[in-house]
Amino acid sequence: MQSHPSVGLDIPLMALGLGADLEPEINEYRVYAEDWLILYTDGLKREDLDYLFSLYQAGGMPQELGQQVETYF
């Protein structure tokens, strides 16, 4: 398992295997209309995360921000 070097975290999100004592960890989060959900693989660079965070901090209309993200990527 690898993580992005700048992140410094190795968190397994999925495990494969069989076992009677296998108990998956389930986390539930409340999501609100103004929340941002960023789903990505380990291919996202730190600069990309910084860019997304700068957009979030600047605020704006979701449609406009979505267009900026599409243009960036």
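## Meet the structure: D48 and its surroundings

Leaving aside residues up to four places away in sequence, D48 touches Y72 and F73, where a contact means heavy atoms within 4.5 Å. Welcome to a predicted model, in which local features need pLDDT of at least 70, side-chain atom pairs count only at pLDDT 80 or more, and totals for chains, interfaces and linings use all residues. Residues are numbered from 1 along each chain as its sequence is written, and side-chain values use heavy atoms, with hydrogens and water left out.

**The chain overall**

- The protein chain has two helices and zero strands; helices (H or I, at least four residues) and strands (E, at least two) are DSSP runs, numbered from the N terminus.
- Of the 73 residues in the protein chain, 8% are buried; buried means under 20% relative accessible area, exposed over 50%, and partly exposed in between (1.4 Å probe, protein chains only).
- The accessible surface of the protein chain is about 7,200 Å², and 55% of that belongs to carbon and sulfur atoms; areas come from the Shrake-Rupley method with a 1.4 Å probe, and for residues only the protein chains shown count as cover.

**Charged residues in helix α1**

- D48 lies in helix α1.
- D48 is buried yet has no salt bridge, and its nearest side chain of opposite charge, K45, is 5.7 Å away. Lys and Arg count as positive and Asp and Glu as negative, while His and the chain ends are not counted.
- The side chains of D48 and Y72 are joined by a polar contact of 2.9 Å. Such a contact is a pair of N or O atoms within 3.5 Å; within protein, one must be able to donate a hydrogen and the other to accept it, and residues adjacent in sequence count only if both atoms are side-chain atoms.
- The structure holds one salt bridge, meaning a side-chain nitrogen of Lys or Arg within 4 Å of a carboxyl oxygen of Asp or Glu.
- R46 forms a salt bridge with D50, with the closest N and O atoms 3.3 Å apart.
- R46 and D50 are separated by about one helical turn because they are four residues apart in helix α1.

**The nonpolar patch**

- W36, I38, Y40, F53 and Y56 make a nonpolar surface patch of about 520 Å². Patch residues have over 30% relative accessible area and no salt bridge; like charges are joined within 9 Å, and nonpolar side chains (Val, Leu, Ile, Met, Phe, Trp, Tyr) within 5 Å.
- Y40 sits in the segment before α1 (46–58).

**Helix α2**

- P62 is found in helix α2 (residues 62–72).
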